[in-house]
Amino acid sequence: MYCPICSREMSGPNRPAVPFPMFVCTIDGVVYDRKRQLWYGLPEIGEELHCPLCGAKMEGEPPQPPVRIFFCYQCGTTFDRSRTTWYGVAPQAP
């Protein structure tokens, strides 16, 4: 997993059988709880966002502010800013 804010790789659980697998960004403090499919500590999303699956910069739509939806053209992950909902993250998470 990659941090959606700084695009650095998030540290994750070392074993696959950890009861509460969480990925943590040590730079921004963002946490992704894979079991509950929830993000914690995610700041207000600005006009730039990175894909949590591949780390690529996500493209915003509409292109001028305020951006409502972010797309990752590398892996298909989508973030709906108005609903604060991620699509395509949970099923593919490592």
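Reader: What secondary structure does the chain have, helices or strands?
Author: This is a predicted model. The chain has seven strands and zero helices. Read from the N terminus, the elements run β-β-β-β-β-β-β.

Reader: What share of the residues is buried?
Author: Buried residues account for 35% of the 94 in the chain.

Reader: On to the sheet. What is the strand order in the open sheet of four?
Author: The order is β4-β5-β6-β7, and the pairing is antiparallel. In general, strands of a sheet pair through backbone hydrogen bonds, either parallel or antiparallel.

Reader: Which strands are at the edges?
Author: β4, residues 59-61, and β7. Each of these two pairs on one side only.

Reader: How much are neighbouring strands turned against each other?
Author: By 20° on average within this sheet, with direction ignored.

Reader: How many bridges do β4 and β5 share?
Author: Three, in the antiparallel sense, with β5 covering residues 69-71. In that pairing, E61 stands opposite I69 of β5.

Reader: Switching to pockets. What volume does the largest one have?
Author: The largest pocket comes to about 220 Å³.

Reader: Which residues line it?
Author: The lining of the largest pocket consists of Q37, L38, W39, L42, P43, E44, I45, F79, R81, T84, T85 and W86.

Reader: How does that lining split by class?
Author: Seven residues are nonpolar, three polar and two charged.

Reader: Which strands each supply at least two residues of the lining?
Author: β3, residues 38-40, and β7, residues 85-87.

Reader: Why does M22 count as partly exposed?
Author: Because its relative accessibility is 32%, and partly exposed is the range between the 20% limit for buried and the 50% limit for exposed.

Reader: What separation do M22 and W39 have?
Author: Their C-alpha atoms are 9.6 Å apart, and the two residues are 17 residues apart along the chain. W39 is also among the residues lining the largest pocket.

Notes. Residues are numbered from 1 along each chain as its sequence is written. This is a predicted model: local features need pLDDT of at least 70, side-chain atom pairs count only at pLDDT 80 or more; totals for chains, interfaces and linings use all residues. Side-chain values use heavy atoms; hydrogens and water are left out. On a 1 Å grid over the protein atoms alone, a cavity is a set of points where a 1.4 Å probe fits but cannot get out, and a pocket is an open set with protein on both sides within 12 Å along at least five of seven lines; lining residues have an atom within 4 Å of a point. Grid points are joined across faces, edges and corners, and a volume is the space filled by probe spheres set on the points. Ala, Val, Leu, Ile, Met, Phe, Trp, Tyr, Cys and Pro count as nonpolar, Asp, Glu, Lys and Arg as charged, and the others, Gly among them, as polar. Two strands pair if DSSP finds at least two bridges between them. Axes are lines fitted to C-alpha atoms, for helices over the stretch in contact, and angles run from 0 to 180 degrees between N-to-C directions. Buried means under 20% relative accessible area, exposed over 50%, partly exposed in between (1.4 Å probe, protein chains only).
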